[in-house]
Each structure stands twice: as C-alpha cells, then as structure tokens.
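Welcome! Open your viewer, and let us take a short walk from the overall view down to two single residues.

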Amino acid sequence: MSWEAVAEKKRQALQDSIPAPWIIPPDILPAADQADVTTFPRESGFFTDRELEITSMTAPDLLKKLASGEWTSEEVTTAFCKTAAVAHQLTNCLSEVFFSLAITQARELDTYLKIHGKPKGPFHGLPISIKDNFNLKGYDSTVGFASLVDDPATYNSTLVDLLLSAGAVLYCKTNVPTAMMIAESVNNVFGRTVNPQNRNLTSGGSSGGESALIAFGGSRIGVGTDIGGSLRIPAACTGIFTIRPSFGRFPNSQTRSGLAGQEAVLSVNGPMAKTLEEIVLWASTVVGQEPWLTDPKCVPIPWRTVKPKDKLKIAVLYDDGIVTPTPPVARALSETVEKLKRAGHEIVTWAPTEHKDLLSTLSQMFVADGGKSVRKLLGPTGEPFRPEMKAYADAEELGVHEMWQVHLKRNELCKSYLDRWNQAGIDAVLCPTTPYSSVEHGKFAYVGYTGVFNVLDYPAVSFPCGVKTDKDIDVPYVDHQPLSDTDAQIQRDYSAESVHGMPVNLQLVGRRLEDESVLAMTDAILKAISSS
C-alpha cells in the first residue's frame, strides 16, 4: 500500500474507535472557523454536570475520592474517555484509543478496592494519558511514520508498567510530529494537532497532542518526552505546566524513538498538567516507585522535600543572542522580574555566553547519522520527508572520529556553563521558553531557548506566568535590530492580532539532578507573582 493509503486507513480506524454516543452531533458541532473550543464542554450541553465536575478536579483531589470509594474509577475513567474523544474531534490530538480496555481495567480496580479495602497503588483509578511513543502491548507507536502503522508493540515501555502497577488507568495515546523532531505536532499519518484555545495556532511539539488534550480538559496528567523542548514548547503554546527533568530521574527505557540509538543528547520524559501541584504529584509518585530497579539508566535518588531559600538569586536571560523574544514574551519576562524584585528576590542578568555553541552542537548531534534513521522509516512506504525536516533530508553523516569531537565540544561547553553558574552564585535561570506565546501553523521556527538545556541536562520548568498577549500592547517592534536572520524572520512573521489573548509561559532552569529544587523555586515564583 502507498503511504497515503496506509495513513487514510489508520485515520479511519481511529475515527471508528470512538463510540457512537461520543460523536458530537452536527447541530452542536463548533463551526470550522470557531477558534476557541475550550468552552465546548461547559456550553454545549453534551456533558453532564457530574462529568464536568470530574474532569475539572485536580488529580490529588480525584485520587482522594477514588481511594475512599466515593467515586468509582469506572465513572471517572468514562468521563475522561468521553472528553478525550470530543477533544480529538475538535483538535485532532489522539493517535490511539483504548477506551474499552481502560474501562475494563477501571472496573477491576473498583473490585480490588472493595475486596481489599485499600487502593491498589498511589495512582489507584486515575486516568493518565501518554504520548504516542510509549509502547503499550497490542497498540501502534507510529511516531508519525506510515511504515509503523499496524506494527503493534509486543512489550510495554518501562514507564507504562510502572504506571499500571501503581494503579493508573491508561486510556489514550496522543499525536506527535514525524520522528518527534518538529516543534509543531504534524505528520503524514494523522495530520496536524491544533491548539484548543485557538485552532489557528499550534499546540506545539513534539508533545503537542498531550498539550492539546490537557488544555481542552480531556486529561489531568499526561506524559510526554523532551529531547530539544518537546515538553516545554507545547506546554508554553497552551499555557500549562511541565518539567523537563534531568536524565535518569524518570524511567525512559523501551520507548520508541525516531532517532533510535542517538544518545549524544538524551531524551527524557515528564508530566504535563494544568497545575504545578499535579506535576509534583506525578514526579514524586513515579520516583517513589523506585524506577532504578527496572530502568538501568535511572539514578537511585529518592524524591526529596525541598524548601527554597526565602530570597532567591535568579539570573535572567532576556535573550539568547540569536533570537529576540516576541513582544508579549519580552513583556511577560520584564513584568515577572519586577514582581520578583518587589518580593525581595535578587535579580541579575545572565549572558548567553555559550548558547550559540550549545545550539550548534545540538543541531550537529540531531543529524549526525546523515538522516539515515528517518530515511529508513520513510522508505518502506515511499513516504516523503516533510518540509519541516529539510535538515534531516540534506544532512551528511559524521564519521566516528568527527562525532567524538562533537562530544568533546559538548563536554567543554557543559563545564564552562557550570563554572559560570558557580561563579555567579545563582539559584536558577529565568528565561523565555520560546520566542512565542504560540504561533500560527507552520511558523514555529526556533527551539534554541529549550534545546540548550537538553545539551546541559538541566531540569527546566515551563510555567504560565499569568500574562496574556494583548494586541493593543504587544505591538510589533519598531526599528528592530535582528540578532540573526532567524530573528528577522520571526519578527516579520509576528502578528499581535493572531495571538491575542493567549497565555505566556516562562522557563525556570535549575542545577542538574536538582529537579525538586526547580519545582520548589517555581512555586516560590508563582507566589511572588500572585502576591504582587
């Protein structure tokens, strides 16, 4: 079969897997030109008050009701399955659904609670969504390739087994870009995932299916991955929370990759949610399951309770020397800095000394195989390279010696960054997550603000700072002096009208393997923002 036929068949199978009662009736289906569909659950009458109550409750509160037996996992799971089905119809956010399996599993958990009088585990009965690349026996992990359709996994990812043993209910997988190496979630199999807050804008990538599902309300906690910003970028595009953890804190083994075997820069997974509390819940619970006993690359560091200093020393990166943040992001950063100063925190300016070299090194590592990994997965069906992956199509393979020199350069840069951090005596770096709040489809052109911290392997939280774009305030720059050709293009493309009303995320970066600290400092920053 041609790749087009394979893709069409897969899309139809996904559509057919949605139960008929959950198909949106034509008379209440939002018009194609309705940008914001996040109001649909509450305004359409398609959901019951109980379903809305369930899906709007935070995960910690849901777990309390599930553990007490006040709410059944079957009822909670059904509500999230239905909402996810609707989210997909409006944003194209899913890649696999297993609603029947999830509801069966939920019933078994309800029975367990009745028999044993206690929850099965710390995630007892809680529905959790997962990104497409996590393997679940019997289901595809296509990561956007037609050649991987109808190639169901024969084993579970380590994290999947951990979540199931902890009592979680898995009910859907979410869409990604081809090979998970594009900053927008678009591929030749499932097409494009859109932002539920404004369907003319991207939900980001590569965990953009997760961000769209969560922003719509179809999941409380979802799990994505990050190799160059794939958690933080989609969180920023939809105004939700995530953490890019240090490698080894959460289990990442036996997941599918578009660049299998590439370990010069390491992929990590992490939670995405609407609240910081839910991020901390997921992180502490997963680490509490001692994942180092099942994932050989996990570090045996239990989750630690951290209380940050009352007065933090925060270094602010206003730009990275390559791309200027667009007006709403620059304003959000400046306003947040002023609020932190008023709260008594010490602010210093952070220079992007190593950033250009770090980003160049990252780019070399991504295409070091000359694009062979991607080409091998495109070949069997004759699927073409998407235009966003031109760098992979044009890449030339590095030899072993040349690659070792890249490793040496990477190590030198990591040492330089650490030395500079120590000399400055800072607690964290505050900076943009991306140059954008969000951006129109096809215009996401830069991942430098996130990618450098993948090379450094520093934990980084992407968080909504409370600022929304305003077309009357965040007008395009006048007489802007671009830092690069990419900067010039981004500023030319910027449209205050297009992104009006969108949330703005910032990024807080901490020391390697001090993930608990960066989450605690994010909480301190949120308190400073709210009290200002």
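## The whole protein

Buried residues make up 60% of the 532 residues in this protein, which you are viewing as a predicted model. Switch to a cartoon view: there are 18 helices and 15 strands here. The radius of gyration is 22 Å, close to the 24 Å that the globule rule gives for 532 residues, so the protein is as compact as a globular protein of that length. Turn the model around, and its C-alpha trace spans about 60 × 55 × 50 Å along the principal axes.

Now show the surface. If you colour by charge, you will find 50 positive and 62 negative side chains, with the centres of the two sets 4 Å apart.

## First stop: Thr-202

Select strand 7, residues 198–202, where Thr-202 is found. Is Thr-202 buried or exposed? Thr-202 counts as buried because its relative accessibility is 0%, and the cut-off for buried is under 20%. Next, show Gly-204: its backbone nitrogen lies 2.9 Å from a polar atom of the Thr-202 side chain. Leaving aside residues up to four places away in sequence, Thr-202 touches several others, including Glu-184, Cys-237 and His-441.

## Second stop: Thr-225

Move on to strand 8, residues 221–226, which holds Thr-225. This residue is buried too, with a relative accessible area of 4%. Among the residues Thr-225 touches, not counting those up to four places away in sequence, are Lys-131, Phe-134, Met-180 and Asn-269.

Conventions: Residues are numbered from 1 along each chain as its sequence is written. This is a predicted model: local features need pLDDT of at least 70, side-chain atom pairs count only at pLDDT 80 or more; totals for chains, interfaces and linings use all residues. Side-chain values use heavy atoms; hydrogens and water are left out. Helices (H or I, at least four residues) and strands (E, at least two) are DSSP runs, numbered from the N terminus. Buried means under 20% relative accessible area, exposed over 50%, partly exposed in between (1.4 Å probe, protein chains only). Contact means heavy atoms within 4.5 Å. A polar contact is a pair of N or O atoms within 3.5 Å; within protein, one must be able to donate a hydrogen and the other to accept it, and residues adjacent in sequence count only if both atoms are side-chain atoms. The radius of gyration is taken over C-alpha atoms; the globule rule is 2.2 Å times the number of residues to the power 0.38. Lys and Arg count as positive and Asp and Glu as negative; His and the chain ends are not counted. The place of a charge is taken as NZ of Lys, CZ of Arg, CG of Asp or CD of Glu.
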